[in-house]
Structures are given as C-alpha cells and as structure tokens.
Amino acid sequence: MVFRFPVKFAIPKHAHVNTRVLRDQHKRVQFAEHEVTRNALRYIARNTELQPRVRLEAQLQLSTMPAYTSYTTIKNRCVGTGKARSVLSDFKLNRTDFRNKARNGSIPGVKVASW
Amino acid sequence: MLGRIRIGSGFITRSFSTRGALLQKGFVSPNEYVEQVKQEKIEQEQFKQELLSNQIPYAPKTLSSTVIQSEGRPVPLNVELLKYKPLTLPQTHGDQVAVINFRSYEEADIIRAGEFAMRAAYYLGIPTSHLKSLKTEKRLYTVIKAPFVFAKSKQNFHRITFQKRIVAYDANPDVVDLWLSYLNRHKLDTVDYKVELTARESLNYVEDLKQLKDLELPKAYEGIEDPIAVKVQELLKSDDFKKLI
C-alpha cells in the first residue's frame, strides 16, 4: 500500500483522529518544518536593497514550495470530534461537543448562564 | 529589574526516588533481620518514654474564652484567627518587593489561597497589602442547541474568572523566597498564581557586572541568533543565489 502523505509524521495523541484530522496534522507538521525557510525567502523577496534578480528568484522559490507548507491551509479542528465547523478556539471544541461537555461539567469554570 | 516566576502550573519540577537507597542496602540475612527488628523496637520504646517523661505544659494562647464543649478546652489562637480577616504588618519603608496575582474560576478558592498567603506573610514578618480584587473577566459563549442545523434555539454558557492581588513590601529577598516556596508547597490546584518580583540594584550595576571577571551568562541565553537571519545568509550563499548577485 502506498503511503498517503508525501512524508511520514507522528499521529496526534490526545485528539480524535480521522482522515481529515490527519490531513490537517500533516499540514501543521510541514508548516512548522518550513516556517524558517519561508520567512527567509519572504525576507529576501521583500528586501528592496537586494538586486531585483535575487528578489525574483526568492519569489519563484517561495511560490514553487508545496501548498501544505503554507500557514493558510491549516484549519482549527475539534479535539473531541475532529469537526472543522464552529470550533471555539478557547476550548478547541466544536459547538456541540462543547455544549455536551459544558453541560456535563467537565470544562472547568464553564456554567450555564441565565440572566 | 523585574523577574517573573510562575508557581501555579508546575513550572518547578523535582523528582525524588528511593530506589537507589534500597539497592545500596542489599540483602539481609534472617538473623540480621531479627536483630534489626529488635533494635527498632527498643528505639521506639525509648522514644515513647522520652515523650512521656518530658511533657510539654499545656498553655495555649487564646483570644476569646470560648470553650469547645466536647474537649473542655479553649479554642487555640491560630484556629480562632481563621474566623477573622488576616492580620497585616505595617509598612516600614513602603518599597514594593513582590506582587502575587491570583486567578481562578472559584471566588471562594481565591480567597482561601489569598488569605493563606497573607497569614504566612504575617508570621514571616512581611508587610502586605490587603487582598485587593481586580477586574472580573466574564466570557459568554452562545452555541446552537441542536447538533444539526436548527439555529434558532441557542444556549448560553459563561466562564467567570476572578482575580485578586497581594502586594508585599519591605522584605529581604531571602524571606520573600521562603514565603513563595511555602506558598508553592501549599498551592491550590484551582488557583493560578503569578508572581512579579522586584529587585533593587545600585546605579553602577552595569559597571559592576562588567568588572566581574568570571561572569558566566545563563546557558539559556547561549546561541540566541535569529534562525531566519541565519537561513537568509545560508540562502544568499547558496548556488541558486550566488550566480545572481
């Protein structure tokens, strides 16, 4: 069987795992790995004191890097269910999972509000 | 100069193991073991006799004449004082030494932690301010009740974070350290402690530092160079860029 991702990486622990979570994890790992390179290339491309040829080369190298090394492809996902929609960033939980856990009393400090 | 340490969330980790001690002991023969047990018994008996012979006179300090009915004894001072607001010492110079910020979702816990800190400070001779309340944070979370798309019925949740602070004055750094380590030992799990320490140096502090010959900077500061700057240099020296410059 062919490995699905271009590089191998550790499966995230303490989180719900499904295909989409793994896909996101791959992007996170790759972004972390290439962050310095991307920023260095961006610095060269935007530095007006360098020659235009050098800046163009940096810009080309930046644009030919794989999309999964870019931060914009990363999406916050629910730790409990792996869902991507309506994730509360304070708790890293999807709205339904958050509600279940909050009603259950398993999120410290969160209570049902009424006024 | 300001330095920060955090004592709420297990920043300081220590490990302790008794495994090594057991290994060093090795095996004991049955006869030796019997001897050991005998010796221990004798020591325990001696200790017991000592306690019985020099009895400490019972003379507790008391505040009120309240007597616990079941015991027939007055309430000890330290227990009685728990009913009252903690005592504070007057400031001598008014130099701020440390600030402790408490954060918690439970107000009762924060008061317990704060008053404990103030009492400890009082008995260590550290003048403190009273337990001052800071702004309470309240975050609201409104979520759709249904797991599916029906967005009309919602449910509100909130999380309230209470904050309080104590300011300590006019104490030696050693005493402050002792105080903080005591608080760290008896910290509450539900309260977040954050301490801001203030240290005072003479005006020629920098010159004094320069004159020190065997000055070693902390290892944590070693090799702090911007990784991006290093990478930029590396890239510009690479073959792709060399031919363009």
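Mentor: Two residues are in contact when their C-beta atoms, placed from the backbone, lie within 7 Å. This is a predicted model, where local features need pLDDT of at least 70 and side-chain atom pairs 80 or more, while totals for chains, interfaces and linings use all residues. Residues count from 1 along each chain as written, with chains lettered from A and ligands numbered from 1 in written order.

Let's zoom in on Thr88(B). Skipping neighbours within four places in sequence, its contacts are Met118(B), Tyr122(B), Pro127(B), Thr128(B) and His130(B). Take Pro127(B): it sits 39 residues from Thr88(B) along the chain, yet their C-alpha atoms are 6.1 Å apart. Thr88(B) belongs to the loop that runs between helix H3 (77-80) and strand S4 (96-104) of chain B; helices (H or I, at least four residues) and strands (E, at least two) are DSSP runs numbered from the N terminus. So is Thr88(B) buried or partly exposed? It counts as partly exposed, because 18 C-beta neighbours lie inside 10 Å (20 or more would be buried, 12 or fewer exposed).

Now step back to the rest of chain B. Its secondary structure comes to eight helices and eight strands, and 13% of its 245 residues count as buried. Among its contacts with a separation of 6 or more, 72% link residues 24 or more positions apart. In H2(B), the number buried is zero out of 24 residues, so this helix lies largely in the open.

Chain B also touches chain A, with 20 residues from chain B and 22 from chain A taking part. On the chain A side, H1, helix H2 (52-64), helix H3 (95-104) and strand S3 (110-112) each give at least two residues. Sorted by type, the chain A side has twelve nonpolar, five polar and five charged residues.

One pairing between the chains is H1 of chain A (residues 19-46) with H7 of chain B (residues 227-237): their axes come within 8 Å and cross at roughly 65 degrees. H1(A) and H7(B) are therefore roughly perpendicular (65 to 115 degrees; under 35 is roughly parallel, over 145 roughly antiparallel, the rest oblique). H1(A) brings Val36(A), Thr37(A), Asn39(A), Ala40(A), Tyr43(A) and Ile44(A) to this contact, and H7(B) brings Pro227(B), Ile228(B), Lys231(B), Val232(B) and Leu235(B). These residues divide into eight nonpolar, two polar and one charged.

Terms used
Axes are lines fitted to C-alpha atoms, for helices over the stretch in contact, and angles run from 0 to 180 degrees between N-to-C directions. Ala, Val, Leu, Ile, Met, Phe, Trp, Tyr, Cys and Pro count as nonpolar, Asp, Glu, Lys and Arg as charged, and the others, Gly among them, as polar.
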